[in-house]
Amino acid sequence: MMNGMVECSVCRSKLVSPGSKTISRAYDEHKIRVTSKQRVLNVLLVVGDCMLVGLQPVLVYMSKVDGKFNFSPISVNFLTEIAKVIFAIVMLLLQARHQKVGEKPLLSVSTFVQAARNNVLLAVPALLYAINNYLKFTMQLYFNPATVKMLSNLKVLVIAVLLKMVMKRRFSIIQWEALALLLIGISVNQLRSLPEGATAIGIPLATGAYICTVIFVTVPSMASVFNEYALKSQYDTSIYLQNLFLYGYGAIFNFLGILGTVIYKGPGSFDILQGHSRATMFLILNNAAQGILSSFFFKYADTILKKYSSTVATIFTGIASAALFGHVITMNFLLGISIVFISMHQFFSPLAKVKDEQQQNGGLELSKAKDTHRANDSFINMAAGANEEASHRGESDDRTPLLPR
């Protein structure tokens, strides 16, 4: 790629490379033309995400024995990636069987190689996700499940900044205020929530928690933005084929983590099934379903919507944590959730849209009105012409002399 141009490997023709502004503009136009089916899909994505994300910290907490993990968290992440790879392969085979005549075959070697080249950027979010999935287990050593879920909501602000920088996404002042309100809600929930004492790593718990929180917020935010950019930049590629590359990269990185653990701890730690229980099996399935659902969010919806839907999962996590483990739901938690919901309503309110987007909406409605007006004018002109022609014919008939019989 040179000077913003990319050369086709087949016909050698030069095309304009899809930059961040192009992807952002295409997304804005797609968002304006959202159909009822797309809205239903968004609702289903949010509901499914709330259930899976809300259940994840609970399953992690249930997997601990005496406050520790008897299994390697990297092994859970590796098995999760393997499960997602199997799902992507199965769905790709089903999609290939239902292809129409004349479409480029999905299972051909040329298609696979070309897609692998075009989607090599997916290796970046795959590496970041591998790091983040390990951090999820580390965070459980510092906070209870509901608090972990609230801390993860800090990612929204970081994601918004990255979307503006990387994908040139535009946000209105009201939307930035909604994000600030979201941080206030999270802060209210976190008042007096940090436990006291020291950790096994030898530093004060508050300091270790703050360090993990910064990494826990930054790494997955970068992964989400790069993932959305990579998926949307190759929008015509099958999502199952893109998922196959993404999960394949993830499996490779987690396997390298297992090898590193073996070198550090010895060959005995190579058993990836050691210490697993029924809870960890459910955790693996939950993580796999959550990752698959996230890919649909990033390609067909929006990263901000994905993170806001995760805030709704906090309610489920808090209630489940209180019911299963006896964690107390405090007034701070209830107030924080209320502020989060207000922030969500404010961010997605029609009044919070960017002016350019409102003008585009208005332009579409104006163009539709003009088309309707032109159609009406043409119909009136046709009717008037028909009447005029009929009147001329009537006059000509009156002026024609009667022929003798």
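This presentation describes one predicted protein model, from the whole chain down to single residues.

Colleagues, a note on conventions. Residues are numbered from 1 along each chain as its sequence is written, and side-chain values use heavy atoms, with hydrogens and water left out. Because the model is predicted, local features need pLDDT of at least 70 and side-chain atom pairs count only at pLDDT 80 or more, while totals for chains, interfaces and linings use all residues.

I begin with the whole chain. The protein chain holds 14 helices and two strands; these are DSSP runs numbered from the N terminus, helices being H or I with at least four residues and strands E with at least two. Of its 405 residues, 43% count as buried, where buried means under 20% relative accessible area, exposed over 50%, and partly exposed in between, with a 1.4 Å probe and protein chains only. Taking contacts between residues at least 6 apart in sequence, 83% join residues at least 24 apart; a contact means heavy atoms within 4.5 Å.

Next, the record. An unreviewed UniProt entry annotates "transmembrane region" at residues 40-62, 74-94, 173-191, 197-223, 244-264 and 279-298. Such annotations may be inferred rather than shown by experiment, and positions are in the numbering used here, with feature names shortened. In the model, residues 40-62 are 100% helix and 0% strand, with end C-alpha atoms 33 Å apart. Residues 244-264 are also 100% helix and 0% strand, and their end C-alpha atoms lie 30 Å apart.

Which helix contains Asn 243? Asn 243 belongs to helix H10, residues 239-265. Its relative accessibility is 2%, so Asn 243 counts as buried. Leaving aside residues up to four places away in sequence, Asn 243 touches Ala 88, Gly 248 and Ser 295.

I turn to a helix pair. Helix H11 (residues 278-300) packs against helix H12 (residues 303-325) at about 140°, with axes 7 Å apart. Axes are lines fitted to C-alpha atoms over the stretch in contact, and angles run from 0 to 180 degrees between N-to-C directions. H11 and H12 are therefore oblique to each other: under 35 degrees counts as roughly parallel, over 145 as roughly antiparallel, 65 to 115 as roughly perpendicular, and the rest as oblique. H11 contributes Ser 294, Phe 297 and Phe 298, and H12 contributes Thr 303, Leu 305, Lys 306 and Ser 309.

Finally, Lys 168 sits in the loop between helix H7 (155-166) and helix H8 (173-190). Although not a glycine, Lys 168 has a positive phi of about 55°. Lys 168 counts as partly exposed because its relative accessibility is 37%.
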